[in-house]
Amino acid sequence: MGTFEFLVLAGLVILIGVVIVAVLVLRKSSARAAEAERSAQASANEAALAAANEAAQAATARAETWAAHVRDDARAYRDQVRAKADDLLELAKAQRAEAEEELRVRRAELKERRVELERREQRLTDREERIDAEARQADARSQELERAEVALRDGRRRLAEADAERTAELERIAGLTVEQAKAELVGLVEAEAKRQSVIVTREIEREAAREAESRAQHIIVGAIQRLASDQTAESVVTAVHLPGDEMKGRIIGREGRNIRTFEQVTGVNVMIDDTPESVLLSCFDPVRRETARLTLTDLVADGRIHPARIEEVHERSKSKINEQCLRAAEDALAEVGISDLHPALVPILGTLRFRTSYGQNVLKHLVECAHLAGLMAAELRLDVATCRRAAFLHDIGKALTHETEGSHALVGADLARRYGEHPDVVHAIEAHHNEVEPHTVEAVLTQAADAISGGRPGARRESVEAYVQRLERLERIAAGHDGVDKVFAMQAGREVRVMVAPETVDDIAAQVLARDIAKQVEEELTYPGQIRITVVRESRATETAR
C-alpha cells in the first residue's frame, strides 16, 4: 500500500471517530439535560441520530471523493515522473551513442593520419636516399668532366701549335701573310659577285619591263572591255510636260505673279515658248533644277498654283530630293557590293547623284571606278574589296568642297579617316591626284581607275564644267556679303538674284549691296556681255483668321 492510500484511510478513520465521538457527546448531553424527557425526545434523538448518520455518510462520501482525486493526482504525477525519467534515459542513450560514434570517427581519423604520417616518413626517407645517390653521381660526373676538360685543353693547345706551324709554312711558301691572302681572295670574290649581279639585274629589269608593259595593257584593256558604261549626256535644261497649253497661263499667273514667285523660290529660270504642252526649266545646278521639276510637276497635277502653294510644294519637293539622294547612295553601295559603310557617309554619297565633274555624273563615276578597280585587282590577285572600296570613295570630298576649304582629295580623306575607314583606303583617297605621294598598290589602282573612267570617249566635257564653275563663282561672290539670305544665278549667268534679310538690310543698303556685288564681279570674273545684279528685299506680314 502506498503512502497516499495510507493517508486517505487514516483520514477516513479519523473522520469516523470524530463522528462517533460527536454522537456519543450528543447522547450524553441529551441524557443529562432531559433525563425526564427521554420519552418525549426519543423521536428527536432518533432524528438527530439520523441526521448525524446522514452527515457522517456525506462526510464519508466527500472523503472518498477527495481520496479518489488524490489517488488520481498521485497516479498522474507518477506517470509524469516515469515519462520524464524515460525521456532522460533515452536522451542519455542517444548522447552516449553520439559520443561513441564521434569517438569511433576520431579514432579512424587518427588512424588515417598515423598511416599518412608513416607514408610521408617513408617518402622522405626514399627522397633522401635518392638525393644522396644523385649527389654521389654528380660528384663522380664532376670528376670526369674535370679530367675531360684537362684533356681538351691539352688537345686545343696541340692543335694551336700545329695550326701555327701550318700557317707559318704556308706564309713561307706563298710569300704572303694571312691577312694579305684574305684581302686578295675577298676582292676577287666581290668583283665577280658584282659583275654577275649587274648582269642578272639588267636581265631581270628588261624582262620585267617587257612583262609589265604587256601585263598592264592586258589588264587595262580587259577591264575596259568588261565594263559597259553609259555615255555622259548632261544638260542644263529640263522639259516639263503639261496637260494642255492653258496650263501655261496658270503657271504665269496674274501679271506674272506665279512665275516670278516660282523663279524666286526655286532659283530656276522658267522658259515658256510656243512649244506645245511643254515648258523648260533652266539652271546650272542639277539639284535646284530637279527640285523645281518636281515642284512644277506636283503643281500642274494638283491644279492649284499660287505663291503660298508654290512655297509649300517646293519644301515638300526638297524632302523628296533628299530621299532620292539617299536611295541612290544605297543603290550604288549595293551595286559595288559594300555593306559596312558608316551610316553618316551614306547621305553624303547621295548628294553626289546630282553633282557633275566636267559633265560626268560623280556618283556614276564612282561606281564605274569601283568596277574598274575590282577587275584590275582580281587580275593582279590583290584584295578586291579594299581596291573597290578605295576607288568608290575617292571623290567623296566633292560633296563637301563648297562647305570646307581644301581640295576634294584631302577633304575626302579627312572625312573617311573621321569615320573609321582603313588607312589604305584613306591614303588612296588623298593620293589619287598626287597631292600626296602614293605608296600603296591600292592608291595606284585608284588613280588608274579614275583616269580610265574620266578619259574614255564621251565621259567628260570641258565646256559645261567651265560654265557651271562660272555660275557657282557668281553665287559665291554674292553670298559673301553681309545680310544675304539666298543667291540664284539666272538666265545662263546673265542675271544674279540676291535675296536679303529685310530686318538687317534696308532699301538704301540694298542699293549699295547691288553696286558692291557688281563691282566685285567686274574685278574678279571674265564674261561675255553684261550681268545684271538684282537685290530683292521682301517684307511679309502673316496672320491666321480663326
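## Ground rules

Residue numbers start from 1 along each chain as its sequence is written, and side-chain values rest on heavy atoms, with hydrogens and water left out. Because the model is predicted, local features need pLDDT of at least 70 and side-chain atom pairs count only at pLDDT 80 or more, while totals for chains, interfaces and linings use all residues.

Helices (H or I, at least four residues) and strands (E, at least two) are DSSP runs, numbered from the N terminus. Two strands pair if DSSP finds at least two bridges between them.

## The β6-β7-β8 sheet

Let's start with an open sheet of three strands, ordered β6-β7-β8, in which the pairing is mixed. Its edges are β6 (484–490) and β8 (532–536), each of which pairs on one side only. Ignoring direction, neighbouring strands in this sheet are turned by 15° against each other on average; the axes behind such angles are lines fitted to C-alpha atoms, for helices over the stretch in contact, and angles run from 0 to 180 degrees between N-to-C directions.

On one side, β6 and β7 (residues 495–500) pair in the antiparallel sense over six bridges. There, A489 has V496 of β7 as its bridge partner, and V487 stands opposite V498 of β7.

## How β7 is covered

Six of the six residues of β7 are buried, so the strand is largely enclosed by the rest of the structure. Here, buried means under 20% relative accessible area, exposed means over 50%, and partly exposed is in between (1.4 Å probe, protein chains only).

What sits on each face of β7? One side carries E495, R497 and M499, the other V496, V498 and V500, and all of these are buried.

## Helix α15 against the sheet

Helix α15 (residues 507–524) lies across β6, β7 and β8, and runs at about 150° to β8.

With 25% relative accessibility, A518 counts as partly exposed. Its C-alpha atom is 9.7 Å from that of T534, a residue 16 positions away along the chain.

## Helix α9 and the cysteines

Helix α9 (residues 362–379) has 18 residues and spans 26 Å from its first C-alpha to its last, close to the 26 Å expected at 1.5 Å a residue. That expected span is 1.5 Å times one less than the number of residues. Of the 18 residues of α9, 14 are buried, so the helix is largely enclosed by the rest of the structure.

At its N-terminal end, α9 is capped by N361, with a side-chain oxygen 3.1 Å from the backbone nitrogen of L363. Just after α9, R381 takes a positive phi of about 60°.

As for cysteines, C369 has 0% relative accessibility and counts as buried. C387 is buried too, with a relative accessible area of 0%. The structure holds zero disulfides, a disulfide being a pair of cysteine sulfur atoms within 2.5 Å.

## The β1-β3-β2 sheet

A second open sheet has three strands in the order β1-β3-β2, with antiparallel pairing. Each of its edge strands, β1 (237–241) and β2 (269–271), pairs on one side only. From one strand to the next, the twist averages 30°.

Three bridges link β2 and β3 (residues 278–282) in the antiparallel sense, and N269 stands opposite S282 in β3. Helix α6 (residues 286–302) lies across β1 and β3, running at about 10° to β1.

## Two loop residues with positive phi

Most residues other than glycine have a negative phi. E255, which is not a glycine, has a positive phi near 55°. E255 sits in the loop between α4 (246–252) and α5 (257–266), and is exposed, with a relative accessible area of 71%.

Where is N434 found? It is in the loop between α12 (423–430) and α13 (441–455). N434 has a positive phi of about 60° although it is not a glycine, and with a relative accessible area of 52% N434 is exposed.

Conventions:
Contact means heavy atoms within 4.5 Å. A polar contact is a pair of N or O atoms within 3.5 Å; within protein, one must be able to donate a hydrogen and the other to accept it, and residues adjacent in sequence count only if both atoms are side-chain atoms.
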